[in-house]
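Trainee: I am new to this structure. Please show me how to read it.

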Amino acid sequence: MSYQINGTTVEHDEEGYIQELDKWSEQLAEVIAADENIEMTDEHWEVVNFLRDYYEEYQIAPAVRVLIKAIKKSMGKDKGNNKYLYTLFPYGPAKQACKIAGLPKPTGCV
Amino acid sequence: MVELKIRAPVQPKEHPDPSEIPTLEPGAMADSKPYSASEEHQTAIGFPGELVDDWKERAIAKLGELVSTSRGLRVYLDTCVKCGACTDKCHYFLGTADPNNMPVARQDLLRKVYRRYFTFAGKYFPWLVGAEDLTEEVLDEWYSYFHQCSQCRRCSVYCPYGIDTAEVSMAAREIMDSIGKGQKYCNEIIGKVHKYGNNLGLQEKAHRATLEDLEEDIEDETGVTVRLPLDEKGADILLVTPSADFFAEPHIDGLIGYAKVFHQAGASWTMSSYASEAANFGMFIGSHENMHELALRIRKAAEDLQVKRIIFGECGHAWRAAYNFLNTLAGPFDFLDQNYPIPQHICEYTYDLIEKGELTFDKSQNDHIRLTFHDSCNVSRASRMGDEPGGQFDIPRAILRATCNHFYDMPADTIREATFCCGGGGGLLTDELMDLRKKGAQPRMRALQDVADEHGVTHMAAICAICKTQFAKVMPDYGFDMDSVVSVHQMVSNAIVLDGQITDDDDDDEEKAEAPGNGMDAAEEQA
């Protein structure tokens, strides 16, 4: 189970989450996104970059509400809502966006 | 030319029966199974990292140990007479049509092995009594089908012998863990609670930042400073709530509701970053050791923070584990105030304040919602609230009726002690089981459709983190919005009037105008 990128191999788990977080790159994000049938746009990158910044500070993905608030601030009220995030990441902003951002899957009753 | 407008005759709406028995499809779900726990997940919680070489002998020995230490389990394995009363009571059977999901058949996967090795007839005349050897094929069936039981115990309600089928599923999972065949979802999560204190892996810094963020939100919305305190030594009340309340929607709205209730009651309360999880997944895998260790975290937090009371947030199996086992696992709690239930449910707390007239609600804040209530399986069939029988059904409903003008119950054979599981309970709320989860939600979704058609119901409240996540995920497949599931304390949060609160803003009015079902005849409402 791995992604192939520029002749290198990046291992992932059964669901496509990478195992070594420091192997992430923007190119890899594109590869993971393509696997998920997502074409990365500026809006996708806005979410992914926020998740990565938040993770760097807190070692976990932000609550969905915190993410929405941040997106509202940067992209405006029309896009700062759960429904819009689901149009970007149809399987859910928390899990699918984390996968593309190279972060661990949020676990628990979520 | 005269144009004729022909109107089709009005047909009464057809409601698919939530309990409709499907045509059998043997083996339909034989390939359904959760991901296996890795060596790291297994060893972190005290189990072999992979399937041990002598797994068969060890599995049989473990089964022998379990039936000798649990009289209950032995009785459940001995007494089934195959009467068939349970066959059509399981949501997974109704949704998947796989006969192995008839509770009697699923349990028989373990029972036939028990009979072979632990009963006289099974040892000497196995062909006469349906006893079978434990083989690799049987083990694979266990792994598949004991992860198609959410331990909701609906079948047990209808069993004339009261066989607790959840105990059988738990025993099967415990045996599998003990030979190195564990399930990733539960075991990874239990490991995280041992390490971080919660299922999410949320650490103190992030926990605190999230709570501060919510405090800001509440102040922005209401103009009132409502605190969500963390690790405040000397507080009266320790709130233990599922960590999903710090992360997911609509859970987080429930957390805001608890905070507003505590604030309005003038209570001194805190959460703990050490015991930041109400859930106890040790129960799902039948592991007494893990359950015990997780429960001890709550005791330690209560002692360290020197609280007088422990209150649990909205989490179904957490309340089952706490209500039944917290005192035996982590008691005695002689250092707590004995004038209050130990532990207490947040619904009991809020209801008590409502009864005393200490909370004021503006129910019109929920007028855009026509509501029903999903009884969570573990709360319904394994616990109680308040002092009266049935309190676990009546108290949440009393809170909802106090906060919402439009409340309608789903059909009687789908609620209260007959409630259907959401389809994601018992450690099955994992993405690789999505097909099972969607099919298992079918009876509940049909019951919801019934009240949506009959009464224009738009939302369903729940008091369990698993139920809320499961419904938000599967409801779109059944034609409902993902945000039509709400927390009970979200309804409280919407309607509660805080002292000094700023009045309605325009946003609320806009939302109400957009909401479906608005303007239906209020006379339809149930008393």
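**Reading the core and the domains**

Mentor: In the largest nonpolar core, of 174 residues, those that touch the most other members are A:Leu51, A:Ala97, B:Phe312, B:Leu400, B:Ala461 and B:Phe471. Such a core is a set of buried Ala, Val, Leu, Ile, Met, Phe, Trp, Tyr and Cys residues joined through C-beta atoms within 7 Å. The model is predicted: local features need pLDDT of at least 70, side-chain atom pairs count only at pLDDT 80 or more, and totals for chains, interfaces and linings use all residues. Residues are numbered from 1 along each chain as its sequence is written, with chains lettered from A and ligands numbered from 1 in the order in which they are written.

Trainee: Which helix gives the largest share of this core?

Mentor: Helix H15 (residues 316-330) of chain B, with 8 residues; helices are DSSP runs (H or I, at least four residues), numbered from the N terminus.

Trainee: Where does this core lie relative to the domains of chain B?

Mentor: Domain bounds come from an automatic or database domain assignment. Domain 1 (39-182) and domain 2 (191-517) of chain B both contribute residues, so the core lies between them. Their C-alpha centres are 32 Å apart. The contact takes 23 residues from domain 1 of chain B and 24 residues from domain 2 of chain B, where contact means C-beta atoms, placed from the backbone, within 7 Å.

Trainee: Is B:Ala121 buried, exposed or partly exposed?

Mentor: A residue is buried with 20 or more other C-beta atoms within 10 Å of its own, exposed with 12 or fewer, and partly exposed in between. B:Ala121 has 13 C-beta neighbours inside 10 Å, so B:Ala121 counts as partly exposed. B:Ala121 sits in helix H6 (residues 120-124) of chain B.

Key: Two residues are in contact if their C-beta atoms, placed from the backbone, lie within 7 Å. Helices (H or I, at least four residues) and strands (E, at least two) are DSSP runs, numbered from the N terminus.
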